[in-house]
Amino acid sequence: MSNTFQVDLRGIVDLLSHHLYASPRVYIRELLQNAVDAITAVGPDHAGRVEIVTGDTLRISDNGIGLTEAQVHELLATIGRSSKRDELGFARHEFLGQFGIGLLSCFMVADEIRVHTRREGAPAVLWTGFSDGRYEVAPGAEREPGTTVTLVPRRGSEHFLTGTTVAELATLYGSLLPVEVRVDDRRITGGGAPWELPPESRSAFAERTLGFRPFDVIELNVPAAGLTGAAFVLPTPVNPASRGGHRVYLKRMLLAESVEGLLPEWAFFARCVVDSTELRPTASRESLYDDGQLAEAREAIADQIRGWLVRLSATDPRRLGEFLRVHHLGVKALALHDDEMLRLVEQWYPMQTNMGEITLAEFRERFGVLRYAATDDEFRQLAAVAAAQDVGLINGGYVYDADLIQRLAAADPAIQAERLDPTDLTTRFLPLEAETELSLRPFLAAAQRRLDRLGCEVVVRAFDPVTLPALYLVSRAAAFHGEFTASRDQADDLWGGVLDALARTVPTDRPQLVLNHRNPLVRRVTALADAELAGLAVESLYGQALMLGHHPIRPADAALLTTSFLGLLDRAVPREAS
């Protein structure tokens, strides 16, 4: 024994209003959609017309193909059987609607829906549907072929059917429709689509519709998706993590104003307004179905945005520079995967270096090797000292910069790139004369004893700038060893045992405090006869080097800074006579 499902229309309406559609406002879109479908069905040469009249009720009339009584039962009283549209002459490709639930959405704002319709050669029919699930079909008054839908507002929803609201919604959804649409005898269609406007008018459209005057406008054309439109480049920086929506029309009917997934993630600097005849909407018709066709369209749009950047680099480098200053993150993200964009970044994007802001191409021409610091802290620690030794250094600490340098070297064997290890700088420092070094051995031994407990090695070299008395250098191996030791100190017994077993494989390089013998203060410290005072001075130089290099201050370092400062202060302030 078979049974049929029982449909609770009130439950369906609640489902539509709270889960399928974002707002009851879409009822106007659904009514316009049905009217345009009916007009399209008459033929390409038919002069279509849609009229909306507001008042106690809302009436929307079209001069489309109309329905017979049999079609009324099939299309208006059967939920979900959209295949019947094709059998009755509404083939999917030529029409906006696909899901057979458009008229049902009107129950979100109406308690009663009346459909008065007539098809050429058939009698007129009046269909009346009620929100409790009932419907009636009766002969209608004779009329010209076409359809009139009347909505009787439900309590609490009257504001959705007022003249002002209806005109606003009809303009939003239907202003680009290829048929004449009037609301209370005021035409709301006839304006050109933004991609059809002259260049000077496109910017005005973006300012009026999207809320900004674009940096530039990129024409979009993807024939495979039947897509035409424009991408408007934002004039100000935007968070790359934000997912800006795009204004999408399907067959010139607005689908939604904030559709996601039309552009690749790296193109977050653009907002699109497009129309498509081939992309598929979701059931709510408020977003696009994410299928292979959308993926192909997205890639084609990405190619066109990429082409705009390349053309800009060839025809207007100054303007490209302005764009990169605003939206460098998007271009750099693309360059990680695209060789053409990688070369564009190399030639045009200025990176921070210890010689000022210059492009990678200029840096390579000047220094040969793309030598970089991997973090911003590392760059700040080494920039001034490296510059004094005439060593060019790029700050790779900004998002994507270090990755781009590495990828550039991987893509072109002629390009050398290397991360600067802090201890590499010591190879460029000058050693002391043998006699001077021999005379400093007692001082170095005493200084080493003061800093041994901090795991630091003390050395004396001669380097520029002369004004820098001391430099604290941590090799990558020493930094890793410090992190490993900190982890071991915080681990429980089980993991502590594991880390102890691994300790034998961890490099044991120690950080270095490099004292600059060219600095007058350092020479005076090394010449002190008072061992205690010299020790306090070395500890103070150690603390200053930590802070100047933006190194983390450990509890032991903080304690040393305090005791050395107080010790020097005690020696500097005369004691009272007893």
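The structure is a predicted model, in which local features need pLDDT of at least 70 and side-chain atom pairs count only at pLDDT 80 or more, while totals for chains, interfaces and linings use all residues. Residues are numbered from 1 along each chain as its sequence is written, and side-chain values use heavy atoms, with hydrogens and water left out.

**The chain as a whole**

- The chain holds 19 helices and 21 strands, where helices (H or I, at least four residues) and strands (E, at least two) are DSSP runs numbered from the N terminus.
- Of its 578 residues, 47% count as buried; buried means under 20% relative accessible area, exposed means over 50%, and partly exposed lies in between, with a 1.4 Å probe and protein chains only.
- Among the contacts in the chain with a separation of 6 or more, 67% are between residues 24 or more positions apart, a contact being heavy atoms within 4.5 Å.

**Two buried residues in loops**

- Cys-106 lies in the loop between helix H4 (83-87) and strand S3 (110-118), and it counts as buried because its relative accessibility is 0%.
- Apart from neighbours within four places in sequence, Cys-106 touches Tyr-27, Leu-31, Ile-113 and Leu-151, and its C-alpha atom is separated by 9.4 Å from that of Pro-153, which is 47 residues away along the chain.
- His-551 sits in the loop between helix H18 (531-548) and H19, and with a relative accessible area of 11% it is also buried.
- Leaving out neighbours within four places in sequence, the contacts of His-551 are Gln-381, Tyr-472, Val-474, Ala-545 and Leu-546.

**A pair of packed helices**

- Helix H9 (residues 339-348) and helix H12 (residues 401-411) pack at an angle of about 115°, with their axes 11 Å apart; axes are lines fitted to C-alpha atoms, for helices over the stretch in contact, and angles run from 0 to 180 degrees between N-to-C directions.
- On the H9 side the contact is made by Asp-339, Leu-342, Arg-343, Val-345 and Glu-346, and on the H12 side by Leu-404, Arg-407, Leu-408 and Ala-411.

**A residue of helix H19**

- Leu-569 is found in helix H19 (residues 555-572), and it counts as partly exposed because its relative accessibility is 40%.
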